[in-house]
Amino acid sequence: MKVIILGGKSDIGLNLSERFSGEGHEVLSWSRDEPWCGWEYKGWDLVIITIGSMIPIGKFFKTERDEWERAFMNNLFYPLRLLREIYDYRERDAKVVFFAGTNPNSTMDNYSAYTTSKLALTKLVECMDSEEDCTFIILGPGKV
């Protein structure tokens with residue numbers, strides 16, 4: 001199985017990379033500090049997306065507006081942009097796994113940007129799973 005991990009230097013990404021490699025799977029890992037070449041990822045079976053940021057931390061009206069909006073770019077739009085570039089290169093029965101944020105049924109004070117951007121991602125993953133011929137999953141990682 002060919003596994004792609006976007007966000008491969010995160011704690012979750014590193015752990016999963018080691019686990020899948022140890023099981024004999026081909027693992028391609030990418031992180032923000034590396035050049036992006038989406039065409040290298042042809043023939044994938046599983047994409048795991050661990051990209052995200054908890055910044056800015058603070059109360060909604062006390063955080064800088066552009067920084068707050070950038071959380072949506074980091075947690076929602078940027079991962080989706082990368083996925084769009086490789087989506088057509090998937091194998092049959094491919095799966096895409098995202099990681100959700102905090103519990104959507106409670107608040108996490110000072111993390112409004114992170115929480116709401118991950119909540120939007122959660123809803124979009126539900127829509128994509130319903131609309132596409134690929135399986136889309138979003139997991140709550142718990143405390144890391």
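Two strands count as paired if DSSP finds at least two bridges between them. Strands here are DSSP runs of E with at least two residues, helices are runs of H or I with at least four, and both are numbered from the N terminus.

A quick word on what we are looking at. This is a predicted model, with local features needing pLDDT of at least 70 and side-chain atom pairs counting only at pLDDT 80 or more, while totals for chains, interfaces and linings use all residues. Residues are numbered from 1 along each chain as its sequence is written, and side-chain values use heavy atoms, with hydrogens and water left out.

Now let's look at strand 3. Strand 3 (residues 44–49) pairs with strand 4 (residues 90–99) in the parallel sense over five bridges. Which residue of strand 4 is the bridge partner of Ile 49? That is Phe 98. Val 47 stands opposite Val 96 in strand 4. With strand 1, strand 3 pairs in the parallel sense over four bridges, and Ile 5 stands opposite Ile 48 of strand 3. Five of the six residues in strand 3 are buried, leaving the strand mostly covered. Buried means under 20% relative accessible area, exposed means over 50%, and partly exposed is in between (1.4 Å probe, protein chains only).

How does the chain get from strand 3 to strand 4? The path goes through helix 2, and this β-α-β crossover is right-handed. In other words, with the strands pointing away from the viewer, the path from the first strand over the helix to the second runs clockwise.

Asp 66 lies in helix 2 and is partly exposed at 36% relative accessibility. The C-alpha atoms of Asp 66 and Pro 56 are separated by 9.9 Å, and the two residues are 10 apart along the chain.

On to the aromatics. Rings of Phe, Tyr and Trp (its six-membered ring) pair if their centres lie within 6.5 Å; planes under 30 degrees apart are stacked, over 60 edge-to-face, and the rest tilted. The count by this rule is five aromatic pairs. One of them joins Phe 60 and Phe 61 edge-to-face, at 4.7 Å centre to centre with 80° between the planes. Phe 60 also forms an edge-to-face pair with Trp 68, at 5.2 Å and 90°. Is each of these residues buried or exposed? Phe 60 is partly exposed at 43%, Phe 61 is exposed at 78%, and Trp 68 is buried at 16%. Ring pairs link Phe 60, Phe 61, Trp 68 and Phe 72 into a cluster.

One more ring: the charged end of Arg 90 sits over the ring of Tyr 87, 3.9 Å from its centre. That label needs NZ of Lys or CZ of Arg within 6 Å of the ring centre and within 35 degrees of the ring normal.

Last, the backbone. Most residues other than glycine have a negative phi, and most peptide bonds are trans. Asp 93 has a positive phi of about 65° although it is not a glycine. Asp 93 has its place in strand 4 and is exposed at 57% relative accessibility. Asn 110 has a positive phi too, near 75°. Asn 110 lies in the loop between strand 4 and helix 3 (112–131) and is partly exposed at 33%.

Thanks, everyone!
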